[in-house]
Amino acid sequence: MGRTKIGIVGCAGRMGLTLARQVAANDGCELCGGTEVAGSEQIGRDLGELAGLGSNGIVVGDDPAALFAEADAVLDFTVPAASADHAALAAESKTTHVVGTTGFETLHQTAINAAAVHTVVVQAANMSLGVNLLLALTRQVAAALDPEFDIEIVEMHHRHKVDAPSGTALALGRAAADGRGVEHDDVAARGRDGITGERKPGDIGYAVLRGGNVVGEHSVVFAAADERVALSHIATDRAIFARGAVTAALWAQGKPPGLYGMADVLGLAD
Ligand code: NAD
């Protein structure tokens, strides 16, 4: 079998460039193209040069339909509206769609779910091995500890991040709610300011920090009277997400259509 042909939408973004380096470093795949949003100054530039790999003859384009038609898998770390549009292209061309974008509203997620009827979609708010282990552990600990333990999720990211809480923080909250057997949206306390009143029993609280160039830090704190359990993950390089995305793209080849998560890719699914 030949090498898996991988395309990157949003290829000049922070993750896009990291993904380009990761694809180049993996013998199982080759980069077949990249796109940017119409009007971007990066269109027409050499993607290899932008990624610090040296010229590789791959020019940043603005035609995602052509990219989806050519690639075996497309890596998508862009913005929700773009990922929703890309999902329709993935469905049409039956190309694997690896979706790392976060901050989805229901209409975006509906588009992703619809595409997964026709092609393989791997979607995860965090593609790192460590965070996916943290999700599994959070579910287990939340199931094991009695509701006397208050659950709080703390996250910190770089100053450019536009959505809050992070997709990973929300995934951790959902894992905790799952473990407890409650509906996440009924118990999520996503912002506290002013006279909030006492903490409601059973709430899952979120606290968000933004600053500097922090790649991503998440902690799940279980706090009871006189003791606390804390589970944490610290990411120091975006390469961990890119490695996960490339692993997902290769894993997906030959799989039946469907919506998969990193737990499936990493063999952590229950
Ligand atoms: P970024 O702003 O640096 O990059 C996004 C890129 O997408 C930009 O270059 C932008 O021009 C491009 N883009 C926007 N619309 C487009 C379109 N229609 N077509 C093609 N390109 C388009 O952001 P980033 O830090 O790289 O993060 C991107 C997304 O990935 C965010 O949602 C972030 O939360 C998420 N993320 C997920 C993971 C994960 O493991 N799942 C890890 C890191 C970041």
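Visitor: Before we start, what does "buried" mean here?
Guide: A residue is buried if its relative accessible area is under 20%. This is a predicted model, and 47% of the 270 residues in its protein chain count as buried.

Visitor: Why does 19 Å agree with a compact globule?
Guide: With 270 residues, a compact globule would have a radius of gyration near 18 Å, so the 19 Å of the protein chain agrees. Along its principal axes, the C-alpha trace spans about 60 × 40 × 30 Å.

Visitor: OK, new topic. Which residues come nearest to the ligand?
Guide: Arg14, Met15, Glu36, Thr102 and Met127, out of 21 residues around the ligand.

Visitor: How do those shell residues divide into nonpolar, polar and charged?
Guide: The shell has 10 nonpolar, 8 polar and 3 charged residues.

Visitor: Where do backbone atoms come in?
Guide: A backbone N or O atom of Gly13 lies 3.3 Å from a ligand oxygen atom. For Val37, a backbone N or O atom is 3.4 Å from a ligand nitrogen atom. A polar backbone atom of Ala125 is 3.0 Å from a nitrogen atom of the ligand.

Visitor: So how much of the ligand does the protein bury?
Guide: The protein buries 79% of the 860 Å² that the ligand exposes when taken alone.

Visitor: Which elements give two or more residues to that shell?
Guide: α1 (14–25) and α4 (80–93).

Note on methods. Residues are numbered from 1 along each chain as its sequence is written. This is a predicted model: local features need pLDDT of at least 70, side-chain atom pairs count only at pLDDT 80 or more; totals for chains, interfaces and linings use all residues. Side-chain values use heavy atoms; hydrogens and water are left out. A residue is near a molecule or strand if one of its heavy atoms lies within 4 Å of it. A polar contact is a pair of N or O atoms within 3.5 Å; within protein, one must be able to donate a hydrogen and the other to accept it, and residues adjacent in sequence count only if both atoms are side-chain atoms. Accessible areas come from the Shrake-Rupley method with a 1.4 Å probe; for residues, only the protein chains shown count as cover. Helices (H or I, at least four residues) and strands (E, at least two) are DSSP runs, numbered from the N terminus. Ala, Val, Leu, Ile, Met, Phe, Trp, Tyr, Cys and Pro count as nonpolar, Asp, Glu, Lys and Arg as charged, and the others, Gly among them, as polar. The radius of gyration is taken over C-alpha atoms; the globule rule is 2.2 Å times the number of residues to the power 0.38. Buried means under 20% relative accessible area, exposed over 50%, partly exposed in between (1.4 Å probe, protein chains only).
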